[in-house]
Structure formats: C-alpha cells, structure tokens
Amino acid sequence: MLHISESDAFDLYSMDEALAVVEAATREYGLGDATMPSKIYLEIPGQTGDFRAMPAYCKQLNVAGVKWVNSHPDNQHLNLPTVRAWILLNDPATAAPLALIDGTRITSMRTGAVGGIAAKYLSRPHSHRVGFVGAGVQAYYQAMAICKVRPVTEIRIYDLSRESQLRFSRQVREFFNGKLVECDTVSACIKDVDIVVTSTPSRSPLVELAWVAPGTHINAIGADAPGKQELDPMILVKGRIVVDDVAQASHSGEINVPLHNKVLSKHKVQLSIADVVSGQKKGRLSRNQITIFDSTGLGVHDIASAGYIYRKALDTQIGTQIVD
Ligand SMILES: NC(=O)c1ccc[n+]([C@@H]2O[C@H](COP(=O)([O-])OP(=O)(O)OC[C@H]3O[C@@H](n4cnc5c(N)ncnc54)[C@H](O)[C@@H]3O)[C@@H](O)[C@H]2O)c1
C-alpha cells in the first residue's frame, strides 16, 4: 500500500489535470459508469464541526475508495485548516488496498475544478468579471480554475475577515495579472459581475437577488451541510439550478434550507452538472438567465482524482510503501 502525502499530492496534480479528471468523472457519473451513494455525516454533539464519509467507484480509472473528511469552521481561530481529508483507495475487483492519500489538497483541487467545469458549461463564454464572497481556501482554488476556463480580467473579493481578503489577494497574484478589487460590501463585490462564487460557512443568506445582474452564473460552494445557505432563496426560485447531485444537494447543499421551508419545489432541483457535461440535458437556456451551480462535493471526483494521482505516483515512483 502506497502512502501519498499532501506535498506529494500537490506535486502530482495540477489544476489543468484536475479540470480534465473532474470533467471526465462528471461525464462518467452522468452515464452511470462512476457510482457513489450520498455522503454520510457524523455530527459530534457539542461541537460545531462534523465528519463525512464519501465512498465511490470510477470505471475509467478502475478504482474504488472512500474519503474521510471534516468541516470545522472554528478551526481558523486555532490556526488549523477548516477542511482536512484522507482517502483510502482499493482495487475494485479484489478489494486489495492500493493507497492511503492525504486528501486535503485533492478536496480543494476537485472543488475548484468542478467550479471551473460549472463555469465552463454554464457561464456566458465571454465572462470576465468574477466576484468572490468569502476569500478562504476554496475561493483560491475556485479562482485558479475559473481563470483557466474563462478570460477573467477583474476579480473582486469580499470577506468578513480583512486578513482573509489580503491573503486571497496575495495568493491570486500567483496566477492572475488583471484588476483585483477588495470590496467592503457584498453588493459592491457582485454588482455587474459575470460570475459569483460564494464559499463561506454561512447559515443565512449573504447575496440578495436585487444585486445579481441578469445572465450571472453563481458557483454556490459553501453550503455543504444541513442548515447552511449563502443565497437569497429568490435567486434559486428565479434562476436555473444545476446541482452536483440531487440527493446530496437536497440534503445539504444551497437548496437544502429553501427546500425544507418549501420556498423551493423539488421539480426545480432535478438538473445535475453530470446531465449537462454528458450532453443529456441543456445547462444555460438564455443569455439573461441566472444560473446557479450548487456544489456539495462528490465522492466520484475525489476517487477519480485520487486514482489519477495514484497511477502517476506509481509511474514516477513518488510516495512511500507502508504495507506490503
Ligand atoms: N462544495 C464543496 O465541495 C466544498 C468543499 C470544501 C469546503 N466546502 C465548504 O466551503 C466553505 C468554505 O470552506 P473553506 O475551506 O474555504 O474555509 P475557510 O475557513 O478557508 O474560508 C471561509 C472564509 O469565509 C469567511 N466568512 C465566514 N463567514 C462569512 C460571511 N458571513 N461573510 C463573508 N465571509 C465570511 C471567513 O472569514 C473565511 O475567510 C465551508 O462551509 C466548507 O464546508 C465546500
């Protein structure tokens, strides 16, 4: 069994590779060749954080596995990451253990990559201004991916924390030379942009419908557990919703609270990014339509990414054997 550390996973997986792997896995999932149950949540009484187990199988890479991941929003006050993950990979035919891979970087890369794929399929092709509400780890990877699929010339940032805002601006400069604007309000951050990314752990709406220009595409990334939400539910009522997975998003995505409160009806939330990427259904229907990608995080993206990294690690002799 091979151990692949976070720094090895970093070296083995670029955003270009992640975009290709995640797009292929999304298509496979749409066609039924990649499979997964909904993720399982483990709540810890008295704690604000939780754990999730995410098993999946990907035919193309011939791997099965499970990701064990947390979300602890208070960790930022302890100087610890909000999200950490570990992935166990097995041979689907024999169950032989193949690898134990640090999944922290993979989680951010695949979340960024699926945000990039959503922007590629759902935003208008000439989208060039992007507003980020929340400037933490996920925002950075979303920015990296979106800059690869759209001709971005302006990035705006809003965050409750000035420190996060400054760190994001500094990090984004690694790959972005255009205009960077640090905003004091959410409305200034998203006014007249083409793409909005929300990636906060908020439990109440931050983005109002009145601030969203016609034709905007929104990547709603932060809501990935019951009770979390970042968007005014009227944005969902008016817009075209594309989920990453109907069951997961209904349970824990951006749509979970409005569905629970019956502001949103179930028939509005049946379209998935896999339907669109596999060519079975249309994404955006008109130039002025608001589109929303509701991301909760898919096990098939984790396991496809881990499978790709595992094979590359074998080819390049990276990693450490831990069990014969
Ligand atoms: N959809 C997915 O697949 C997926 C994957 C990983 C993480 N997540 C979720 O995304 C969210 C962010 O994760 P992260 O790793 O970027 O965390 P992070 O702690 O690195 O960043 C979160 C940022 O949001 C800011 N913030 C918090 N409340 C805010 C508010 N009301 N308004 C503006 N900014 C606010 C914080 O200051 C921080 O900078 C979490 O809820 C996490 O569970 C989703």
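Predicted model: local features only at pLDDT ≥ 70, side-chain atom pairs only at ≥ 80, totals over all residues.
In helix H5, which spans residues 162-172, the buried residues are Ser 164, Gln 165, Phe 168, Ser 169 and Val 172. When the helix is viewed down its axis, these buried residues fall within an arc of 135°, so they line one face of H5. Glu 163 and Arg 170, on the other side of H5, are exposed. The packing partners of the buried residues of H5 are strand S8 (129-133), helix H4 (137-149), strand S9 (154-158) and strand S10 (179-182). At the N-terminal end, H5 is capped by Ser 161, a side-chain oxygen of which lies 3.3 Å from the backbone nitrogen of Glu 163.

Helix H2, comprising residues 15-31, contains Leu 19, a residue that is buried, with a relative accessible area of 9%. Although Leu 19 and Ala 113 are 94 residues apart along the chain, their C-alpha atoms are separated by 4.9 Å. When neighbours within four places in sequence are left aside, Leu 19 is in contact with Ala 113, Gly 116, Ile 117, Ala 145, Lys 148 and Val 149.

Side chains of opposite charge can pair when their charged atoms come close. In this model the count of salt bridges comes to 16. One of them joins Asp 33 and Lys 59, with the closest N and O atoms 3.9 Å apart. Because Asp 33 lies in the loop between H2 and strand S2 (34-35), whereas Lys 59 lies in the loop between strand S4 (50-58) and strand S5 (63-71), the pair ties together parts that are 26 residues apart in sequence. Asp 33 is partly exposed, at 29% relative accessibility, and Lys 59 is also partly exposed, at 47%.

Glu 154 takes part in a salt bridge with Arg 156, at 2.7 Å from N to O, and in another with Lys 179, at 4.0 Å from N to O. Since Lys 179 is located in strand S10 and Glu 154 in strand S9, the latter pair ties together parts that are 25 residues apart in sequence. Glu 154 is buried, with a relative accessible area of 11%, and Arg 156 is likewise buried. Elsewhere, a network of salt bridges links Asp 50, Arg 52, Asp 224 and Lys 228.

On the surface, a nonpolar patch is formed by Leu 42, Trp 68 and Trp 86, which together have about 300 Å² of accessible area. Of these residues, Leu 42 is found in strand S3, residues 40-43, and is partly exposed, with a relative accessible area of 41%.

Conventions: Residues numbered from 1 in each chain as written. Heavy atoms only, no water. Patch = residues over 30% accessible without salt bridge, like charges linked within 9 Å, V, L, I, M, F, W, Y side chains within 5 Å. Areas by Shrake-Rupley, 256 points an atom, 1.4 Å probe, with all protein chains shown as cover. Salt bridge = Lys/Arg side-chain N within 4 Å of Asp/Glu carboxyl O. Helix = DSSP H or I, 4+ residues; strand = E, 2+ residues; numbered from the N terminus. Buried < 20%, exposed > 50% of the residue type's maximum accessible area, 1.4 Å probe, protein only. Arc of directions from axis to C-beta. Contact = heavy atoms within 4.5 Å. Polar contact = N/O pair within 3.5 Å; in protein donor to acceptor, adjacent residues only side chain to side chain.
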